[in-house]
Amino acid sequence: MSKIKESRKIGILHREEGPMPDRLIEEINKKAIEGIRAEICKIPEIHPAESCEYTIIIDRASHCLPFLREYVKNALLSGCYIINNPYRFEPDKFFDYTVAKRMGINLPRTVLLPTKSYRVEPCYRPIEQEDLLNLSYPLKWDEIASYIGFPAVIKPALGVGWKHLTIVNNLEELIRAYDRSGHQIMILQEKIEYEHFVRTFVLGKKYVCPIKYIPSRRDYICDHKHLSRELGKYIVETSIKLCKTLDYDMNIVEWAIRDGIPYAIDFTDLVPDANPRSITYFYYEWFIEHMTKVALEYALHPPKPRCWHTLNNLIGKVSDNP
Ligand SMILES: Nc1ncnc2c1ncn2[C@@H]1O[C@H](COP(=O)(O)OP(=O)(O)O)[C@@H](O)[C@H]1O
Ligand SMILES: [Mg+2]
């Protein structure tokens, strides 16, 4: 890698998550590229339009600490490149399914259900029945169920970590799960009865590692021959395409394979688990090596930050982006 004169700092925002952040900093600094240093960010109060000392920030915390989201949005304005784009850093599953579907990627049959009940807090007065005029009730459960089929998965559109996810086997179970969902926006989805499941790290929209995974045990299996050449190629290429389109620099794309056909299940995992105790030391080393590369490549040649465009702008511009 080339040398640069001016100082470029790489900052890391993280929560307690095992050895990864310290090790990543160590590896970046070990490369001893003149002018480039990595460190943990320390943030005091934020002044509007203040300039940011970092060229790159790897953000693994602002989804939990909203103050940090304000920090990175401010940093973005001063020319810092944020991994991941703060304007795309939401567990925005249904939107991402929509983008994937427009890209021609196989998805389970999916619908987004109107919410069972409504939050009171964001409104200046409680939501009443007459506030729901735009919603078409009652839902035609028979039609919905016959489109999706059983077994099905009902899960929050803004969900993470399997929270509030239920597998339902008939209409009665479906309605019971829906009734429990409260004000969450729920996705109902055909359950793919897969023979194989793959979690695919995608870093810097180009470094890809598809890992064999057993969801029921949350188990990463170290196996380098678990995909045929053709399936491996499809998963690698399509996972990159998805991350480029959705503007995710650090992500996991999950694939369920049924009868040899891969279905995209979840590709909105913007703080992918990087703890060696769960992802195994083999994949931990892979993560450190490739996250180091991304951080250094981006520090040397900062990509142009992409704010969020319309869908039509995004699709078709994929190849122009890093
Ligand atoms: N449509 C589906 N078919 C089969 N399994 C699914 C489906 N949706 C979710 N799952 C299983 O549930 C897990 C969690 O669902 P996911 O959509 O990834 O939500 P989260 O954001 O909570 O990880 C997935 O990793 C997968 O194992
Ligand atoms: Mg998931």
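These are my notebook entries on the fold of one predicted chain.

**Ground rules.** I'm working with a predicted model, where local features need pLDDT of at least 70, side-chain atom pairs count only at pLDDT 80 or more, and totals for chains, interfaces and linings use all residues. Residues are numbered from 1 along each chain as its sequence is written, chains are lettered from A and ligands numbered from 1 in the order in which they are written, and side-chain values use heavy atoms, with hydrogens and water left out.

**Overall.** I looked up the secondary structure and got 8 helices and 13 strands (DSSP runs numbered from the N terminus: H or I of at least four residues for helices, E of at least two for strands). The radius of gyration (over C-alpha atoms) is 21 Å, close to the 20 Å from the globule rule for 322 residues, so the chain is as compact as a globular protein of that length. That rule is 2.2 Å times the number of residues to the power 0.38. I also boxed the C-alpha atoms along the principal axes and got roughly 65 × 55 × 40 Å.

**Burial.** Buried residues (under 20% relative accessible area, 1.4 Å probe, protein chains only) are 49% of the 322.

**Strand 3.** How many residues of strand 3 are buried? I get 7 of 7 for this strand, residues 54-60. Strand 1 (residues 8-14) pairs with strand 3 in the parallel sense over 6 bridges (pairing needs at least two DSSP bridges). There, I10 has I56 as its bridge partner. Strand 4 (residues 81-83) also runs parallel to strand 3, joined by 3 bridges, and I82 of strand 4 stands opposite I57.

Conventions
Buried < 20%, exposed > 50% of the residue type's maximum accessible area, 1.4 Å probe, protein only.
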